[in-house]
Amino acid sequence: MIEQWLDAVSQASKASWARGYELALCGRLVKGYGATNERGKRNLVHIVTHLATSDAAVIREAREAALGDEGGKALDRALLAHGAPPRPVVAQPVRFVRRTHP
Amino acid sequence: MDATLKKPICILIGALGGEGGGVLAQWIVDAAASAGFPAQSTSIPGVAQRTGATTYYVEILPVPAASLPRAPVLSLYPVPGCVDLVVSSELLETGRMIANGFVSPDRTTLVTSTSRTLTTAEKMALGDGRFDSGRLLDAAHAFSRRVVAFDMEEAAHEAGTAMSAVMFGAISGVLPWERAVCEAVIGEGGRGARASLAGFALGIAAAQGQGESRGLPRETRDMIALGRDRVVEFQDAAYGDLYLERLACIQAAEHASDPDASHDLALTRETARFLALWMAFDDVVRVAALKSSAARFTRVRGEVAQAAATSCASTTTFGPACPSLPACSRRRWQRDSWRGTAAGRSRGRCRSSSTPMRSQGSCCCVSLPPASGCAATAHATRRSRQ
């Protein structure tokens with residue numbers, strides 16, 4: 001996944017420095033651990049997959065939207081506004097745990 | 001090529017009193033002699049901290065003396081614009097060398113200590129009269145072909161030796177002979193040779209560490225150095241190399257798109273920042289290492305102002321189901337926690353996967369043995385693929 005991001009950054013920067021720079025800054029989306037970390041990586045991959053050839057301003061807008069709200073509604077709006085598909089709904093596992101007694 | 005047409009290597013050394021500039025010049029001449037190259041050394045006394053350091057000038061003709069038809073004529077003085085290597089033990093003296101024109105962008109490798117010994121003029125000021133070291137370093141980068149800058153004073157102190165040994169190590173990569181030749185010359189010094197060799201090795205290491213990211217703007221270089229340190233601390237040196245490899249690709253791409261570096265390599269810098277954070281993210285192994293470090297226990301004890309003899313317990317709460325642990329060890333941990341068997345030390349509790357998992361441990365023992373224990377496995381498997 002790191003490689004995917006790095007590839008996108010170097011490909012984009014060959015076309016336009018500003019676009020590569022904005023994609024590089026998208027590394028900020030990956031932070032924390034656990035669910036936050038997973039969500040950040042999904043958002044990053046989505047932006048890298050669908051907006052890597054867009055203008056720098058579009059990438060910046062999407063990144064700021066992704067950082068702006070936890071649930072990602074702003075990101076989805078930004079994605080839709082620029083013709084990218086919204087993020088896929090992620091399956092949430094329901095875990096059943098046997099009650100145990102100490 | 002005709003050996004008689006080969007140019008000598010010109011080396012200018014600047015050192016303060018007691019730092020062993022003379023010893024260094026002698027080492028270089030001795031090493032040249034043992035390598036069979038003609039060499040000559042002169043020195044010009046100076047008044048360091050007032051008008052300029054004592055300088056030593058060495059010329060070496062990197063051609064075996066035996067193969068020359070006659071003895072070469074070497075210069076007694078350095079000439080501005082014609083010096084290959086400038087090595088200086090003090091940053092402001094380095095500045096003077098640059099101002100005097102001995103450092104040139106097309107030719108000179110500049111090896112300098114970043115340590116300062118304040119000049120009389122700086123000490124005479126009523127307020128803070130210190131000259132800005134950042135400006136000196138900027139000049140060093142702007143006017144030389146390559147810069148190696150590190151705190152030689154600290155390295156010498158660490159090795160228990162004089163600055164000269166560290167300087168010798170730092171320049172050894174530029175000298176036209178093997179490292180072993182330098183070490184043999186130092187070894188002849190008798191008393192103190194062991195400390196000198198340690199200082200020499202520190203000098204080499206510092207110079208090599210800098211070779212990787214030379215020629216970059218300072219902010220980018222610092223960011224890469226910090227990032228590399230972070231990922232090496234997270235895993236190992238090979239992981240650090242992977243980090244540098246990845247950045248090299250990005251830097252090449254940025255160079256292709258912005259050959260004049262009009263953005264000061266900001267793209268490489270920001271990638272270096274986030275790549276380091278990603279490659280060394282706070283997974284459970286790292287959190288366990290931080291949580292169980294001696295420094296943390298000391299801090300906690302200080303915070304609760306506890307007497308040394310008594311014990312205290314700390315509780316660490318993880319998010320549900322501790323997602324960063326591999327599933328198999330997570331299940332075992334949960335099971336063992338209930339039975340109270342995990343190494344006989346963990347008194348962890350896990351009520352269900354939807355409530356926080358807690359582990360309690362005495363301040364004096366590792367509070368998360370299962371997590372620390374999986375570090376080795378994680379290194380080999382999950383972590384290195386992040």
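**Exercises: a surface patch and a chain interface**

In this predicted model, Ile44(B), Leu76(B) and Tyr77(B) form a nonpolar patch on the surface, together with about 310 Å² of accessible area. Residues are numbered from 1 along each chain as its sequence is written, and chains are lettered from A in the order in which they are written.

**Exercise 1.** Determine where Ile44(B) lies and whether it is buried, partly exposed or exposed.

*Solution.* Step 1: Ile44(B) is found in strand β2 (residues 39-44) of chain B; a strand is a DSSP run of E, at least two residues long, numbered from the N terminus. Step 2: the relative accessible area of Ile44(B) is 36%. Step 3: buried means under 20%, exposed over 50%, and partly exposed in between, with a 1.4 Å probe and protein chains only. Therefore Ile44(B) is partly exposed.

**Exercise 2.** Describe the contact of chain B with chain A.

*Solution.* Step 1: the contact (heavy atoms within 4.5 Å) takes 23 residues from chain B and 27 residues from chain A. Step 2: the two chains bury about 2400 Å² between them, 73% of it on carbon and sulfur atoms. Buried area is the accessible area (1.4 Å probe) that two parts lose on being put together, summed over both.

**Exercise 3.** State which residues form the salt bridge between the chains.

*Solution.* Step 1: a salt bridge is a side-chain nitrogen of Lys or Arg within 4 Å of a carboxyl oxygen of Asp or Glu. Step 2: the count between chain B and chain A is one. Step 3: Glu3(A) pairs with Arg246(B), their closest N and O atoms being 3.0 Å apart.

Technical notes: This is a predicted model: local features need pLDDT of at least 70, side-chain atom pairs count only at pLDDT 80 or more; totals for chains, interfaces and linings use all residues. Side-chain values use heavy atoms; hydrogens and water are left out. Patches are made of residues with over 30% relative accessible area and no salt bridge: like charges are joined within 9 Å, nonpolar side chains (Val, Leu, Ile, Met, Phe, Trp, Tyr) within 5 Å. Accessible areas come from the Shrake-Rupley method with a 1.4 Å probe; for residues, only the protein chains shown count as cover. Helices (H or I, at least four residues) and strands (E, at least two) are DSSP runs, numbered from the N terminus.
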